[in-house]
Amino acid sequence: MDAEAGRDAHDEVRHRAWGRVLLQAAILVTAFLAMVGFSVVLAKVTLTPSPASQDFVHSNLRPGRSLRQYAEDYTFLAACKQAGGNLVLGMPFGVLLPVLVPRRLRMIRMVLLTVLVIVVVELVQGALVPGRAFDVDDVILNTAGALLGYLLLGRRLSHRYHVLASGTQRGTRQVRPRRPKPARPRTGRRAAGPAAAWTRVRQGVRAGLTRKRARKG
């Protein structure tokens, strides 16, 4: 009866562990596909040639220079569109990357990966794409958007995913049956049992009778 109940409990734990593994795999595949789709969109947005802007676009290596240009030379809506577009473009990094990277130091890993990808994209578009140039302010805005996406949504999603993953790893471990502890041999008076106790009582009675006879004699 106990063995049957233990077998059923073990099967239930194993089924739950497999369910968590499938859910974890589904989340991981979804995040990976979303990251691939976002990469395609990012490539289309940043690596599309713009021949009309070729004579006006120049590389920017000074942080804040393009932001000041947005504020001085652009209308309010155009400046918001330019800066806001770069922020929105970086937000998927903060939502998807924390799920794909290890749990430890995930925010730092996410920021470093975001900066690395954006710098590579900026260098490629500045060197190979007509009408595009490297802009350090785009890197800053994209990274800020990634941090914003992480704080708004990515942190919670990645935390739940990694908790689920750690629970799956614990659940898939084999449950070893406990071995019964060997009985320790009893020593001393307790090990003697009732027979030895009865013998001591008889010896005490005999010793008492012997002392009484000795006094009478």
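Pro63 is situated in the loop between α1 and α2. The structure is a predicted model, in which local features need pLDDT of at least 70 and side-chain atom pairs count only at pLDDT 80 or more, while totals for chains, interfaces and linings use all residues. Residues are numbered from 1 along each chain as its sequence is written, and side-chain values use heavy atoms, with hydrogens and water left out. The chain has six helices and zero strands; here helices (H or I, at least four residues) and strands (E, at least two) are DSSP runs, numbered from the N terminus.

**Overall build**

- From the N terminus on, the order of elements is α-α-α-α-α-α.
- Of the 217 residues in the chain, 25% are buried; buried means under 20% relative accessible area, exposed means over 50%, and partly exposed lies in between (1.4 Å probe, protein chains only).
- The chain has an accessible surface of about 16300 Å², and 61% of this surface belongs to carbon and sulfur atoms. Accessible areas come from the Shrake-Rupley method with a 1.4 Å probe, and for residues only the protein chains shown count as cover.
- A contact is defined by heavy atoms within 4.5 Å. Among contacts between residues at least 6 apart in sequence, 81% join residues at least 24 apart.

- Pro63 is exposed, with a relative accessible area of 58%.
- Not counting residues up to four places away in sequence, Pro63 touches Arg68, Val136, Asp137 and Ile140.
- The C-alpha atoms of Pro63 and Val136 are separated by 6.0 Å, although these residues are 73 residues apart along the chain.
- Arg62 is also found in the loop between α1 and α2 (65-73), and with 60% relative accessibility Arg62 counts as exposed.
- Arg62 is in contact with Val136 and Asp137, leaving aside its neighbours within four places in sequence.
- Between the C-alpha atoms of Arg62 and Asp137 the separation is 7.8 Å, and the two residues are 75 residues apart along the chain.

**The largest nonpolar core**

- A nonpolar core is a set of buried Ala, Val, Leu, Ile, Met, Phe, Trp, Tyr and Cys residues joined through side-chain atoms within 4.5 Å.
- The largest nonpolar core has 16 residues, of which Met35, Phe38, Leu42, Phe93, Leu97 and Met110 touch the most other members.
- At least two residues of this core are supplied by each of α1, α3, α4 (106-128) and α5 (136-171). The largest share, five residues, comes from α3.
- In soluble globular proteins, nonpolar side chains tend to be buried together.
- Not counting residues up to four places away in sequence, Leu97 touches Met35, Pro92, Met110, Leu113 and Thr114.

**Aromatic pairs**

- Rings of Phe, Tyr and Trp (its six-membered ring) pair if their centres lie within 6.5 Å; planes under 30 degrees apart count as stacked, over 60 as edge-to-face and the rest as tilted.
- The structure holds two aromatic pairs. Phe38 and Phe93 form an edge-to-face pair, with 5.0 Å centre to centre and 85 degrees between the planes.
- Because Phe38 lies in helix α1 and Phe93 in helix α3 (residues 76-100), this pair ties together parts that are 55 residues apart in sequence.
- Phe38 is buried, with a relative accessible area of 10%, and Phe93 is buried as well, with 2%.
- The rings of Tyr70 and Tyr74 have centres 5.3 Å apart and planes at 70 degrees, so this pair is edge-to-face.
- Tyr70 is buried, with a relative accessible area of 7%, whereas Tyr74, at 36% relative accessibility, counts as partly exposed.

**Thr143 in helix α5**

- Thr143 lies in helix α5 and counts as buried, at 12% relative accessibility.
- Leaving aside its neighbours within four places in sequence, Thr143 is in contact with Val111, Thr114 and Val115.
- The C-alpha atoms of Thr143 and Val111 are separated by 6.7 Å, and these residues are 32 residues apart along the chain.

**Backbone of Leu105**

- Leu105 lies in the loop between α3 and α4.
- Phi of Leu105 is near 55 degrees, a positive value in a residue other than glycine.
- Most residues other than glycine have a negative phi, and most peptide bonds are trans.
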